[in-house]
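Some points on the helix packing and the sheet follow, for checking against the coordinates.

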Amino acid sequence: MKLTHGGDWAGYRAKFGHDALDFSANVSPLGLPEGVALAIVNALPTADRYPDPLCRELRQKLSASENVHENQILCGNGAADLIFRLVLAKKPRRALLPAPTFAEYASALKTVGCEVEYFFLKEENDFEITEELLSALHETIDIVFLCQPNNPTGQIVTSDFLEKLLKKCRACHATPVIDECFLDFLPEHESRTAKHFLAQFPELVILKAFTKLYAMAGVRLGYVLSGDEKLLENMREAGQPWAVSSLAQAAGVAALDETEYADHVRSLIARERPGMIASLRSLGLRVLEGQANFLLFKAPEDFGERLKEKGAVVRGCANYSGLDNTWYRTAVRTPEENEKLLKIMREVLK
């Protein structure tokens, strides 16, 4: 079976008999915060009970953290779960997606027979999202997804662009969905978030997750912010009732107290990104700047397989619409891990 995403450590182990130096998944390189691990252990005695289907304590904590009313929050089994719930609740007929972007949007849309229109971003413009995207938004579009920063390019749009997009969506009666799962890695995440528009545009849907910043990919926890409470109720009913385990809920409550950890992750990425970009370029690779905890770069077609043979994994991007098998994405991790990866890359490319 061919998998869509990176992070397939089990597949690598099954093939090679050991674990890889894995740069294919973009999660915090600092591992699970100690307070979160402790919260999961402490929640184990409750595992014999059904979890709270409304995630009351977690939503209350998120309400204070995000400064939105708890009725504007829906929690799910990771952001991917919420994408599918949204599509099932809305049942759009036609969607607009920039390309390349996160593959799960199209996967979810196709489950309800939605026609996907791609707006292909220009390679010569480093796949930057420009106002040309707005011209592709018309009356027959029911829903628009925008990843902020975009996965896999790392490109980000301004607040002015977001406001124009929201206004155009309203004029066309399209639901705007802003995916901010990687936004919290940016030091300026609070000024960049679309949640400042929730009061003005209650139809806006914002996707967020604990997966990336808190290294909770295996825990599975995400949430949606929206002023459309009826939509959130429809999304809740579109999936199974106990979407978030009691252990995941406890982990989320604890993670919101890990402010020092989150600041440490942001500082680490901000320090390491420039060096990674410079080192990859010194190897003769084309690298996009971007603004996330990952980098998109171009390399020979067999680059990924040759890396695997030497014990390292990056994300091959051939299955992204708008990219081919010469594009790869690498995470930005600790200085020691980054140098190990670069050393292997030098061996492969020499």
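1. H3 passes H10 in a left-handed crossing (the near helix is turned anticlockwise from the far one by less than a right angle). Helices here are DSSP runs of H or I with at least four residues, strands are runs of E with at least two, and both are numbered from the N terminus. The model is predicted, with local features needing pLDDT of at least 70, side-chain atom pairs counting only at pLDDT 80 or more, and totals for chains, interfaces and linings using all residues. Residues are numbered from 1 along each chain as its sequence is written, and side-chain values use heavy atoms, without hydrogens and water.

2. H3 and helix H10 (residues 246–255) pack at about 20 degrees, their axes 9 Å apart. H3 is therefore roughly parallel to H10 (an angle under 35 degrees). Axes are lines fitted to C-alpha atoms, for helices over the stretch in contact, and angles run from 0 to 180 degrees between N-to-C directions.

3. Glu57, Leu58 and Lys61 of H3 meet Gln249, Gly252 and Val253 of H10; contact means heavy atoms within 4.5 Å.

4. The open sheet has seven strands in the order S2-S8-S7-S6-S5-S3-S4, with mixed pairing (pairing requires at least two DSSP bridges between two strands). Strands S2 (73–76) and S4 (115–120) are at the edges with a single partner strand each, so one side of each lacks a neighbour in the sheet.

5. Strands S7 (residues 205–209) and S8 (residues 222–226) pair in the antiparallel sense over five bridges. Leu207 has Val224 in S8 as its bridge partner. Helix H3 (residues 56–66) packs on the sheet, touching S2, S7 and S8, with its direction at about 125 degrees to that of S2.

Key: Parallel < 35°, antiparallel > 145°, perpendicular 65-115°, else oblique.
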